[in-house]
Amino acid sequence: MAKDTASSPIDEKVRLKSIIGGSAGNLVEWYDWYVYSAFTLYFAPIFFPSGDQTAELLSAAAVFAVGFLMRPIGAWFMGIYADRKGRKAGLTLSVTLMCLGSFLIAIAPGYESIGLAAPAILVFARLLQGISVGGEYGASATYLSEMAGRNRRGFFSSFQYVTLISGQLVALAVLLVLQALLTAEQLQSWGWRIPFFIGGLLAIVVFYIRRGLVETQSFKNADKDAKKSSGGWELFRHYPKEAFLVIALTSGGTLAFYAYTTYLQKFLVNTSGFSKETATEITTAALFVFMLCQPIAGALSDKIGRKPLMVGFGILGTLFTYLIFTSLAATTNALTAFLLSLVGLLIVTGYTSINAVVKAELFPAHIRALGVALPYALANTIFGGTAEFVALKFKQIGHEEWFFWYVTIMIAISLMVYVKMRDTKHHSHIKED
């Protein structure tokens, strides 16, 4: 892989404005995605009434996983779209689909009103959102990495996870506000619909923001060569090593991320025994600190390289994941639970802060959005999207600790990949001249 030798001709003010604009859109996209997980405890009985909390959560988690099944399709379709029509066009399309999914969930009747049609509507809405998020990751990771500039790619691209986590934090903040303003009965009856309406409205605002973004220089340069095209066949035919590398380096990282984020809230309630409100507060506080660490780790990667951070995540994750989760399961102290959750998230930072730029640096511009999105979405669907479901299933059969070992093993497998791969900071395909 060739090193890029020239700096981007994009004006610094335009660069910063574009990164802020792209990041703000990413925040709303992920808010819409994570609101489902944040409010599952309240709406699960509306769509899947059974009288057993674990069974209701399991059904809702299955729908969460179904949304992930569409992410490879979204990654394939919108990755090609962003490579051919531009990163800006891909970002605009993805937020449109997310908007539709949010409004659909907000107005969906419950099981008591329309029977099985209620969970069917929920599934359809999550399929739309899955397509959206599948394309969003590749388009936003590519846009931020290409717009960042050679010497600050790690720092600026880390804002993809800053905004991703911010979206989750905003979802949790909305939950905290509604928990304070409404009774539990009101939240479960109709209050859970409010955050989905908020998400739909914010997505409309983002649509107009993204229409005003400038296109990256890398895409403009790639567009000059019409002989090269983006497509699934082209990706796995011409870049099989890079594509499978993305799958391998993602598997452990994405599983650990979802274990410590979307599943952690349920784990603290369903296993540790905390109230829903306390679990939300613990999760929110830990995620806030985690979010602040992303740019720090990203900037560090610009100095020492991407590989040391990923290897650090792999080693620490392999050694301490089981211990962290078993300790969380046994604690009844909120501060202890917060500190344990934070330690787990800080370990995962070695992956989350730089995974976007690492993947973007592996591919040339004409196929970069698809190369980043599709292999990532495949790994994310298999390991990230099923994390909550697998964890709850192990708990249901009486072997919850198997999930802790599962996460540990997958991190260890990814560690072997991190150790063997080249540092993409020094072997980047991103060319900005």
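Let me begin with S327, which is placed in helix 17. The helices I mention are DSSP runs of H or I of at least four residues, numbered from the N terminus. At a relative accessibility of 26%, S327 counts as partly exposed. On this scale, buried means under 20% relative accessible area, exposed means over 50%, and partly exposed lies in between, with a 1.4 Å probe and protein chains only. From C-alpha to C-alpha, S327 and G90 are 43 Å apart in space, and 237 residues separate them in sequence.

Two remarks on the source are in order. This is a predicted model, in which local features need pLDDT of at least 70 and side-chain atom pairs count only at pLDDT 80 or more, while totals for chains, interfaces and linings use all residues. Residues are numbered from 1 along each chain as its sequence is written, and side-chain values use heavy atoms, with hydrogens and water left out.

I remain with helix 17, where L319 also lies. L319 counts as exposed, at 57% relative accessibility. Together with I315, L316, F320 and L323, L319 forms a nonpolar patch on the surface, and the accessible area of these residues together is about 450 Å². Such a patch takes in residues with over 30% relative accessible area and no salt bridge; nonpolar side chains (Val, Leu, Ile, Met, Phe, Trp, Tyr) are joined within 5 Å, and like charges within 9 Å. The areas come from the Shrake-Rupley method with a 1.4 Å probe, and for residues only the protein chains shown count as cover.

Rolling a probe the size of a water molecule over the atoms shows where empty space is left. How many cavities of 30 Å³ or more does the structure hold? There are 2. A cavity here is a set of points, on a 1 Å grid over the protein atoms alone, where a 1.4 Å probe fits but cannot get out; lining residues have an atom within 4 Å of a point. Grid points are joined across faces, edges and corners, and a volume is the space filled by probe spheres set on the points.

The second largest cavity holds about 30 Å³ of space. Helix 17 gives the largest share of its lining, 4 residues. Helix 14 (240-260), helix 17 (307-330) and helix 18 (334-352) each supply at least two lining residues. Among the residues that line this second cavity are Y260, F313, I347 and I411. The lining divides into 7 nonpolar residues, 2 polar and no charged. In this count, Ala, Val, Leu, Ile, Met, Phe, Trp, Tyr, Cys and Pro are nonpolar, Asp, Glu, Lys and Arg are charged, and the others, Gly among them, are polar.

The largest cavity has a volume of about 50 Å³. Its lining includes Y34, Q168, Q265 and K266. Helix 1 (12-38), helix 9 (159-181) and helix 15 are the elements that give two or more residues to that lining. The division in this case is 3 nonpolar, 6 polar and 1 charged.

The criterion is a side-chain nitrogen of Lys or Arg within 4 Å of a carboxyl oxygen of Asp or Glu. Which residue does K266 meet in a salt bridge? Its partner is E388, with an N to O distance of 3.5 Å. K266 lies in helix 15 (residues 262-270) and E388 in helix 21, so the pair ties together parts that are 122 residues apart in sequence. K266 is buried, with a relative accessible area of 1%, and E388 likewise counts as buried, at 3%.

A second bridge joins the side chains of R153 and E361, at 3.4 Å from N to O. This pair links distant parts of the chain, 208 residues apart: R153 is in helix 8 (residues 153-157), and E361 is in the loop between helix 19 (355-360) and helix 20 (368-384). R153 counts as buried at 1% relative accessibility, and E361 is buried at 0%. R153 and E361 also belong, with D302 and R306, to a network of salt bridges.

In the loop between helix 20 and helix 21 we find G385, which counts as buried at 1% relative accessibility. Within helix 21 (residues 387-396), the buried residues include A387, V390, L392 and F394. K395 and E400 form a salt bridge at 3.9 Å, N to O; K395 is partly exposed at 23%, whereas E400 counts as buried at 12%. After helix 21 comes G398, with a positive phi near 90 degrees.

Definitions and conventions. 1 Å grid on protein atoms, 1.4 Å probe; cavity = no way out; pocket = protein on both sides within 12 Å on 5 of 7 lines; lining within 4 Å.
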